[in-house]
Structure formats: C-alpha cells, structure tokens
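Hi,

I'm passing a structure on to you, with some notes on what turned up in it. Have a look at it first, and then read on below.

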Amino acid sequence: GSALSQTGHFIFKGLFSGEFKAGRIETFETGKVDSRWKKEYGVWMVRSFDGLFVLSAFSAFGCSPEWIEKQQKFYCKCHDKSYYKTGISFQGAAGKSLERFKVTRAPDGEILVDKSKTFLLEKNQWQHPLSILPV
C-alpha cells in the first residue's frame, strides 16, 4: 500500500518517476549504502571506489529490501532474497537484480537522479555511462 511521508509525498514504487537533486557527491561516504532518499524517493545511493550509483529501493516483486550493514547485503523478507551492495541478486528466489537509475551531475555540481531512466544488469545496461557517476 501507499503511505504519505511527512513531506506529503506518496511512498510508492513508480509514483515519483522524475528527476531530483541528491546533494553533493562529497556528502556520500565511499563504501557505504546511504538511505537518506529512501523514504522520499525510493532509492539508495551507493558510493563505490569507481563512482556513485543509485539503486531502486524496491525489488522486481515490489517489496522493499532492507540494508543490513553487518552482513553487507540487502535482504528482502517478502521473498527471502538477498542482494549484494551492488544490487546483484545472489540468494533466494530467482529474479532480477535491483534496478539502477540514471545519475549525472547538474550544472550546479549537485548529483541529479533521473528515475525515468532505468538500467538492468540482466540487459547488460550497467555498462552504460549514465548508470554510474564517476568520482
């Protein structure tokens, strides 16, 4: 079901599908999964050593996995499924990896996420330059 957040946005997969600014890349810690935009926009921001990518906080089944820092994985209790920090599915029901969203730098230097453009590992789209923002 849908729920209203404190900001008045609905929290529902696909409802917000446009662009939003996510702050400066320096505010995201390397090697960490950042959930600051999960409630409002349904995404996790992940800064790796190569760059920053934006994962959908919803699985292909429409459930929202949780990030478990101690185990360094996302776990979806709906389908007993696990994903690596990269979004790749590695345990549980067969299915797709988590989607990545288009990420670029806005003219003012902030991170710009565009949820209308998705990239799927299974379609070899993670090689696309807009699926990760170089650091």
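Cysteine 78 has a relative accessible area of 48%, so this residue counts as partly exposed. Please keep in mind that the model is predicted. Cysteine 78 forms a disulfide with cysteine 63, and their sulfur atoms lie 2.4 Å apart. The structure holds 1 disulfide. This bond links distant parts of the chain, 15 residues apart: cysteine 63 sits in the loop between β6 (51-56) and β7, while cysteine 78 sits in the loop between β8 and β9 (81-84).

The torsion about the S-S bond is about -110 degrees, which means that the disulfide is left-handed.

There is also cysteine 76, which is in no disulfide. The nearest cysteine sulfur belongs to cysteine 78 and is 4.3 Å away. With a relative accessible area of 1%, cysteine 76 is buried.

Now for the sheet. Here 4 strands form an open sheet in the order β7-β8-β9-β10, with antiparallel pairing. β7 (66-68) and β10 (89-91) are at the edges with a single partner strand each, so one side of each has no neighbour in the sheet. From one strand to the next, the twist averages 35 degrees. β7 pairs with β8 (residues 73-76) in the antiparallel sense over 3 bridges, and isoleucine 68 stands opposite lysine 73 in β8.

Conventions
Residues are numbered from 1 along each chain as its sequence is written. This is a predicted model: local features need pLDDT of at least 70, side-chain atom pairs count only at pLDDT 80 or more; totals for chains, interfaces and linings use all residues. Side-chain values use heavy atoms; hydrogens and water are left out. Two strands pair if DSSP finds at least two bridges between them. Helices (H or I, at least four residues) and strands (E, at least two) are DSSP runs, numbered from the N terminus. Axes are lines fitted to C-alpha atoms, for helices over the stretch in contact, and angles run from 0 to 180 degrees between N-to-C directions. A disulfide is a pair of cysteine sulfur atoms within 2.5 Å. Buried means under 20% relative accessible area, exposed over 50%, partly exposed in between (1.4 Å probe, protein chains only).
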